[in-house]
Amino acid sequence: MASEIDIYNQYPLHLDPASKALSLPSSSAQTATQTTTINTELQELNQLHRALISLDSPNIPPPPLPVNPKRSAQITKLRDSANAAYRKSNNAEAVRLYTYAIEMALSRPGWEPVTLARDELAGLYANRAQAHMAQQAWPEGLVDSKASVDSKGVGNVKAWWRLAKCLAEMTRYEEARSLVLKALEIEGRESDGGKELSGLLEDVDRALERPAAS
Amino acid sequence: MVDWLSLAVPLAYLGVLLGSLATFSSLYRKRKARKAASLEPWFPAHLQRDIYFSLLHLEPSSTSKEKKAPAVPDSVLKAALLRRATEDIRRVLALRSQKQALAMLLQRGSVGDDLWQRFQRAEKEMEDEVRDVVSEANAYTPNWGQTIFQSANEMLNNDIYRKRIEEHQSKLAEERQWWDKKKASIQEGFMKELDEGSSGTTGNGAAQTATTTKTFETATSLPASSVQGSDDDAVLVEADPSASQPAPTPATPSGGGGGKKKKGKGKK
Amino acid sequence: MSSDYTYDEQGQFFPFFILTLTGLVTLPLTYNLLRPSKELENTAPRIKSDFKPQHADLIDGQKRKRLRKERRIKRIVTVIVGYLVMAWMVYLIIVTARTVQKVYDPYEVLGVSRSADEKAIARHYKRLSLIYHPDKIRPDPAKNETIETLNDRFVELTKAYKALTDEEIRNNYLQYGHPDGKQSFSIGIALPQFIVMEGNGKYVLLVYGVLLGVLLPYIVGKWWYGSQRYTKERVLVASAGNIFREYKDDITDGGIIGALSSGEEFKEMLKGVQAESGLAKLEKRVLADDSFLSAKDRETLKQLDSSSRRKALALLWAYLGRIDLGDASLDAEKYEAAPVALSLTEAFSAISLAFGNLRPILGAFQTSQNLIQAVAPGSSPLLQLPNFTDAVVKSVEGEHAKEHFTVQRFMKIPEDQRRSLTVGAGLLSEKQYTDAVAVARQLPVLDISRAFFKVMGEKFITPSSLVQLVVKARFIPPGCTNVPAVSELDLEDIDPDEDDLDALMGRKPAKNRTSKLANGKKVESKIETIQPPLAHAPYLARDHSPRWHIFLADTKQGKMAVPPFTFTTFDKPLFDEAGKPTFNVQTLKMQFQAPPQVGDFTFALHMLCDSYLGLDHRMEITLHIDDPAKAADVAEEDDISEPDEDSIAGQMHALKTGQPPKKKTRRDSDDSSESDTDGDAAETSDTNTETDVED
């Protein structure tokens, strides 16, 4: 066993002395697909290396908790100003600010808890979807609310509603209907947004009935 | 004088019988041994591990053409080790999720025995691998071994999550394009309906559906977005900051959703 | 030695021996051959349609090939030969006269009964000698008698008399039926003489040696490996292993097709050069058609290394996309691949059920629909109808439709509008349209009228009891107008009419956890089994009887809650003699163990037909589990007349559910127990995050 674990494939890697970036010399005897996978892996590794270097002395990622509060504060600030912009109906500005916040949240280092990123991004995407919808940009709203719902499925009624709403606006009633039903199952009819969802369901059903009746 | 011929017959029979049995059993054993030896590994080659080891063994001579090339810096090795741990976590999680199902399938006779053997071998290998990573980590920084897999786990999950988000966002262009086309066709249909309304002719089938689409579209969506839409929106936005405020407080990662909404994707 | 062997020189026992031997082989084989006629596919009616798809001849060819394989020609020949041999032997037996040695019997000669004693025999002999003494009678020429015959007869009589008057001989007769006393047994070996003749012996031994030394090990070995090669789902073990490793928690349509292509069966099908031949052409065609293959699936196809797997996957896509490959052998392979993939789907679905994740399970059933109907994942269910092409579908659904019409929705469009959408240049001809609509009107769309939970013989569902899910559903083919309303009576589910005892009996197997009652229990009158018509699958080179799967899922966690029950037959006719739908309410039942906690459990009930797209049904259903103590209380209030029995019943409840019979405290702590379940819920949602992370 011990001998088995020492067996490995040696790759002729090249370390750039200045940037410490690793690369695979192109002359090596790998197949094309292998080369691409190795190269993508090396890219990731280099990226991670850069992230590690920027850390403090032992240059190892800290344990997932507690989280560095600086970034969270920045994101919150951005979100607040975006909310303010939205409330002033400055939708384009709101979208821009939300986008910044999302980018910031996405660039959190990988070793921070994923649940944190999910929660943060679920809210941000839902809000950006809202800002998009205010401009009748349904596809953008759809994609964002989808991302939000995917980030956080339970307790995210608003995103569910927006998702279905966008679909209904784009006349994709069947999809909207099945999503509302799913949302109702997950969130429960008695939850906060349950009423709105039921209302939307009725609208969608009416819309679905219409072509059949005509 | 012994009758050799009559003695040869039973001897030959015995020979054939024993010989064929021996052949059968040796064939069976050989086949079994070959199978056990050639069991495919459960996972493909462990690229991250290979890279890590390659770095460890990176001969200074190979890079020393220029100067007295430095050995690979620790930080690079640490990064490589972290990548290796991430891949390990992925594999360990995969094994863990497969174990129960595989045991059940084996019991039911839905999979073969050798799959189980391969699985057990993979499990054992992963155990050794994890132990090795922990000891390596401790060698770089004391006690890192205790947290490296925590970090790796989050890195893995973050990675998966970001990929999914990326996937959603990558559909934007397609959706946008579709909607532009669709909107155009709806408007066209609407215009046609206006024209036809004035000329008083009944449209053909296609035009008719288009117009009906438009009519119910306008009938439902416009009031919805103007009345109910704005109402709800107001409510929802008001609720937004309050709802999302607790999110940044890191100590309470509220139980994220288990729902996976895949309907839209399924349609793809 | 008193016993000796005689070879069957006259060949009179030899046929018996052979007859028995052949019978031993032939009769079980015959049974084996005749039995499969009871299989679903062979007894079901068919959907009437004249539709002939493109390459109908190739499909039929594959069908015949498959049938030949299934019919096992070798066995048929063996059986026929067996019967011929048996018939010949019977003929031999009849023809060969049996030479039975006649034993000299003095009683018969004298014409006395065996019970006669010595005196009676003497008397009888005297009388006979008076008649038959040659001095007393004249030969009668009319009876062809001569003096000699008369003499002989008398000598016989005298001999017999002598024999019988000898005490010892008479006793021998009485005891052994032979004058010499006990006879030796003669044992005959039913082999013809030539086999044991001098000089042939070694050949016989040789044959024997070959039989025992070579054939027997060979057969045993073959059986052993054969039985090890296949899994329970009748796929190769190696295939199941491959598919297991291809399985991912978020695998869907295209991914499943990819996983299926890893089956070893394809390797066997595409042996040797076949794996390479035409691969380039095939791939060009499959990848050129950009209408249905997603970028991801393309990538998967391109990255496969093994050429046989690559070809298998390309063939499957070609089949699903109904791509004309323009090459008879490639097309034939395409139609051969689909049934193989269909049987592999069963292995996949067994694997996905073991994992219990909802999405792959649904995906498995949908893949089977896609394979049976030759419709690519994500394409329109309308393609199931004969003559429908992408162009027709586009005309129906509209140019930029993102959603697909189901057949039901298509048939809901008013007739004239439907016709104008589909009939026209580049679309369908009038005849084709009629064909398509005729098939659409025969699709077995199962519509759930009601679904509920119950426990047999109980009013309440208590924790851990054996719950029945009763689904009342009707077949409503698409395009049916004036469907009668469901009568309320039909929706009731009445327990068997016997009293408590039987209900208790019914609960007996519950403890043993049998789940056999899938097909409905015995209702006094009759258990009819009606088969729905075979799936209308013109492209599939195999007959397939549709199966309906019903299972419960937990949507929040995306997990299966109660594994699928499969229904292939129903209890009432679907169509009457004239082919009109009857709208009978069918009853489908499945049993499972209720959760051990009190509370409301909401499930998503999924009902899928494995053969048709767009017939999936999904509804919310809530299982309400009562506190056993409360249920017992209510029962008490119900029949006040017999309090004793009630308390026993209560105790039994307590025993059954493992709940201590302290009713009062139980009710006091109701609140706390509720919060307990809340805690449970919170826990489960916590585990949600765990699972969520994965996908």
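Chain A is divided into domain 1 (9–53), domain 2 (68–140) and domain 3 (153–209), with bounds that come from an automatic or database domain assignment. This is a predicted model, in which local features need pLDDT of at least 70 and side-chain atom pairs count only at pLDDT 80 or more, while totals for chains, interfaces and linings use all residues. Residues are numbered from 1 along each chain as its sequence is written, and chains are lettered from A and ligands numbered from 1 in the order in which they are written.

**Domains 2 and 3 of chain A**

The centres of domain 2 of chain A and domain 3 of chain A, taken over C-alpha atoms, are separated by 23 Å. Their contact takes 6 residues from domain 2 of chain A and 8 residues from domain 3 of chain A, where two residues are in contact if their C-beta atoms, placed from the backbone, lie within 7 Å. On the side of domain 2 of chain A that touches domain 3 of chain A, the largest share, 5 residues, comes from helix α5 (residues 114–134) of chain A. Helices here are DSSP runs of H or I with at least four residues, strands are runs of E with at least two, and both are numbered from the N terminus. By class, that side of domain 2 of chain A has 5 nonpolar, 1 polar and no charged residues. In this scheme Ala, Val, Leu, Ile, Met, Phe, Trp, Tyr, Cys and Pro count as nonpolar, Asp, Glu, Lys and Arg as charged, and the others, Gly among them, as polar.

**Two helix pairs**

Two packed helices are described by the angle between their axes and the distance between the axes. Axes are lines fitted to C-alpha atoms, for helices over the stretch in contact, and angles run from 0 to 180 degrees between N-to-C directions.

| Helix pair | Angle | Axis distance |
|---|---|---|
| α5(A) and α7(A) (157–169) | about 35° | 10 Å |
| α1(C) (14–34) and α4(C) (73–95) | roughly 150° | within 9 Å |

The crossing of α5(A) and α7(A) is left-handed, a term for a near helix turned anticlockwise from the far one by less than a right angle, with clockwise giving right-handed. From α5(A), the contact uses A122(A), A126(A), A129(A), Q130(A) and M133(A), and these meet K158(A), A159(A), R162(A), K165(A) and C166(A) of α7(A). The residues of this contact of α5(A) with α7(A) divide into 6 nonpolar, 1 polar and 3 charged.

α1(C) also passes α4(C) in a left-handed crossing. Residues of α1(C) in this contact include F16(C), L19(C), L29(C) and L33(C), and among their counterparts in α4(C) are I76(C), Y83(C), M86(C) and L92(C). The contact of α1(C) with α4(C) has 16 nonpolar, 6 polar and 1 charged residues.

**Chain C as a whole**

Chain C has 28 helices and 9 strands. Of its 695 residues, 32% count as buried, meaning that 20 or more other C-beta atoms lie within 10 Å of the residue's own, against 12 or fewer for exposed and values in between for partly exposed, with C-beta atoms placed from the backbone. Among contacts in chain C between residues at least 6 apart in sequence, 72% join residues at least 24 apart.

The domain assignment of chain C gives domain 1 (4–95), domain 2 (106–176), domain 3 (198–229), domain 4 (237–440), domain 5 (446–624) and domain 6 (627–695). The C-alpha centres of domain 2 of chain C and domain 4 of chain C lie 96 Å apart.

**The sheets of chain C**

An open sheet of 4 strands runs in the order β6-β5-β8-β9 (chain C), with antiparallel pairing; two strands pair if DSSP finds at least two bridges between them. β6 (559–567) and β9 (617–625) of chain C stand at the edges with a single partner strand each, so one side of each is left without a neighbour in the sheet. Neighbouring strands of this sheet are turned by 25° against each other on average, direction ignored.

β5(C) and β6(C) pair over 6 bridges, and D554(C) has K559(C) in β6(C) as its bridge partner. The two strands form a hairpin with 4 residues between them, and G558(C) in the turn has a positive phi of about 65°. Strand β8 (residues 599–609) of chain C pairs with β9(C) over 9 bridges, with G599(C) opposite I625(C) in β9(C). Helix α18 (residues 358–373) of chain C lies across β5 (548–554), β6 and β8 of chain C, at about 25° to β6(C).

An open sheet of 3 strands has the order β3-β4-β7 (chain C), again antiparallel. Here β3 (446–454) and β7 (585–593) of chain C are the edge strands, each with a single partner strand, so one side of each is left without a neighbour in the sheet.
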